[in-house]
Amino acid sequence: MKILVAVKRVIDPYVKIRVKPDQSGVELKNVKMSMNPFDEIALEEALRLREKQIAKEVVIVSIGPTECQETLRNGLALGADRAILVSTDTVHCCLNIAKILQHITLQEQADLVLMGKQSIDGDNNQTPQMLAAILGWPQATFASKIDIDASNMQVTREVDGGLDTIAVQLPAVVSTDLRLNEPRYASLPNIMKAKQKQLDVIPLDSLNLSLKPHIEILAIKAPSIRQGGVKLDSVEDLIDKLKNEARVL
Amino acid sequence: MGTLVIVEHNNQKMHPVTRHVLSAAKQCDGSIVCLVVGFNCQSVVTEVSTTEGVGRVFVADQANYEHQMAENLAPLVVALAAPFQSILVSSSTFGKNLLPRVAALLDVAQVSDVVNFIDSKTVDHTIYAGNAIETVRILDEKNLLTIRATAFDSINGSQSPAAIEKIENNIALEKSKLIQSQLNQSSRPELTQAKIIVSGGRGLQNQQNFQLIEQLADVLGAAVGASRAAVDAGFVPNDYQVGQTGKVVAPMLYFAIGISGAVQHLAGMKDSKVIVAINKDEDAPIMQIATYSLVGDLFDILPKLTEQLRSHSS
């Protein structure tokens, strides 16, 4: 079985983001970038499936500017066999990303696509479901457990209020949630080895996909900042305020 | 050109988030049609048809739809989509699982977590865990939107029943099926619906101490929440988690106890009406946004608070 893992380069989760004053976007200059944490979990799961000899090959793909090669090298250092960058300087909506991934999935003849349930920049939580739709494949979103046996897969999904376990036929798209696993760190020898691994750069234009814009971003604004209130001295004060000032008790 | 609202339900009751989606739908053009897809879901249909503002109810009641899987719900919604300018669903796990699949089949974009309507093609939605608000214009003919329930009021009024139309389209479920559903049973209110939430963080130190949170919650009739740190430490199950990767809540009263207030947690609760923070570190981020804060040892404060509230209420 061949697994394709889609990874996105995003602002590091531990960086506090700054919205630009002119509302044109979020400040990316001199900001630490990382692999989207949910995608790291997807890659870890793919590597474990290869270690259990369920998967033969793990290919990672990213879509974006040249800098994404750094993210892919990191993925290769973690253990992916091969990497593909579909290079483009345009920011695409989820539907167009899904169409690009559809092309790569079919070209690679992947049996399973693993990716994070959302990226921590746009928070859209759309691309895996869209990819599954246009491939005509079933989907297993928000996965916290994956069991594969021949062409059948059982996935436990984190849904509001509990867990659902579904059986899904392969090929399929699985989107990963936080509790699926704990990703490994890259070792120094593997970081060195990753430099020799294959990383193909495919210009998006060369794929001849017909992609049109579906949404236009007009502004990115900072949310209104909530003003802090009063520091109280005692439990009695607190109960008094909640009853008589806020009137919520 | 009206609005189609996909109803979230469990074949017995409409989920309360749908009432918030209906309030969002009122801000779109045209009449509101609700779609109920499920199996033996007549009680849901009755509830929906008598909810204020609903113009018509489409019902697809088939065994194939019992577990509401995206693989056959999406093509059903696509088959019904033609007359509607907007299709709305809650940005719950149900809505997020379904609507992108519908959008891709219709070859249109979808906008997630809508919090505000500017005009019929322009909306605000949250990105970066709520640390930024993005205004987007939809260029496609249709607007497919998941609605963040906490940003819209709940519609609680009733009306005489709206017209009900049966949808015969019965799409088989071929490549996926539900094996098991484990829903967490709790006598406490559901997090996203609770008027009061008591949340605990790493400051509780262990699972045993988390009972202090539960005792306070029970005195107040509140739901119990937790920070990601508390979930990761194994104090409570994952579905207690409030934050970017957990539930987004906006109750009347939110207690953050032993929670420092990481960005990811604040994203899930900062729209609460009144926030009470109890923490030993007066510089913790949560203290900067709390309506009322108490600095001190939560193991001293919490039992006192619970005891005094208990004597107040009795």
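Visitor: How far apart are the C-alpha centres of domain 1 and domain 2 of chain B?
Guide: They lie 31 Å apart. This is a predicted model: local features need pLDDT of at least 70, side-chain atom pairs count only at pLDDT 80 or more, and totals for chains, interfaces and linings use all residues. Residues are numbered from 1 along each chain as its sequence is written, while chains are lettered from A and ligands numbered from 1 in the order in which they are written.

Visitor: Where do those domains run?
Guide: In chain B, domain 1 covers 2–166 and domain 2 covers 191–313. The bounds come from an automatic or database domain assignment.

Visitor: How many residues does each give to the contact?
Guide: Domain 1 of chain B gives eight and domain 2 of chain B gives 10. Two residues are in contact if their C-beta atoms, placed from the backbone, lie within 7 Å.

Visitor: New topic. How many residues of chain A are in contact with chain B?
Guide: 61 residues of chain A are in contact with 68 residues of chain B.

Visitor: Which element gives the largest share on the chain A side?
Guide: β9(A), with eight residues. Strands are DSSP E runs of at least two residues, and helices are H or I runs of at least four, numbered from the N terminus.

Visitor: Which strand of chain B is joined to β13(A)?
Guide: β15 of chain B, residues 292–295. Three bridges join the two strands, which run parallel. Strands pair if DSSP finds at least two bridges between them.

Visitor: What is the bridge partner of K231(A)?
Guide: S293(B), in β15(B).
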